[in-house]
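Q: Please take a close look at the aromatic pairs in this structure. How are the rings placed, and where do they sit?

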Amino acid sequence: MGDLVSVVFAGPPPRSRNTKHALIAMELAEHRGEWAIVQRLASIARASSAAQAIRSGRLAAYPGGEFEAVARSVVEQGRVEHRVYARYIGTEPAA
């Protein structure tokens with residue numbers, strides 16, 4: 001018989017609360033009402049899809065109705081960028 005392989009049975013690791021989107025959402029919430037560029041994507045279609053995902057709450061980090069997002073193509077220094085702008089419009093944090 002060959003070498004025995006040791007197998008460890010364990011569930012998947014817990015979901016991280018520090019995902020890229022969770023960190024972006026926290027930063028937007030700290031600057032309530034201010035627009036920020038949150039992504040630069042390869043096409044306006046991808047940017048529009050990402051903005052829709054933020055607006056609708058399809059991504060868990062952005063609860064529906066608490067964030068606004070738009071996609072825009074911007075020309076800067078002769079280059080076209082497809083950007084996603086977002087802002088937090090939810091309730092103000094308790095003081």
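A: A search of the whole structure finds 2 aromatic pairs; rings of Phe, Tyr and Trp (its six-membered ring) pair if their centres lie within 6.5 Å, and planes under 30 degrees apart count as stacked, over 60 as edge-to-face and the rest as tilted. This is a predicted model, in which local features need pLDDT of at least 70 and side-chain atom pairs count only at pLDDT 80 or more, while totals for chains, interfaces and linings use all residues. Residues are numbered from 1 along each chain as its sequence is written, and side-chain values use heavy atoms, with hydrogens and water left out.

The rings of Tyr 62 and Phe 67 are edge-to-face, with centres 5.2 Å apart and planes at 90 degrees. Phe 67 also pairs edge-to-face with Tyr 88, at 5.2 Å centre to centre and 65 degrees between the planes. Phe 67 belongs to strand β2 and Tyr 88 to strand β3, so this pair ties together parts 21 residues apart in sequence. Strands (E, at least two residues) are DSSP runs, numbered from the N terminus, as are helices (H or I, at least four).

Buried means under 20% relative accessible area, exposed over 50%, and partly exposed in between (1.4 Å probe, protein chains only). Tyr 62 counts as buried at 1%, Phe 67 is buried at 5%, and Tyr 88 counts as buried at 10%.

The strands β2 and β3 (residues 79-88) run antiparallel and are joined by 10 bridges; two strands pair if DSSP finds at least two bridges between them.
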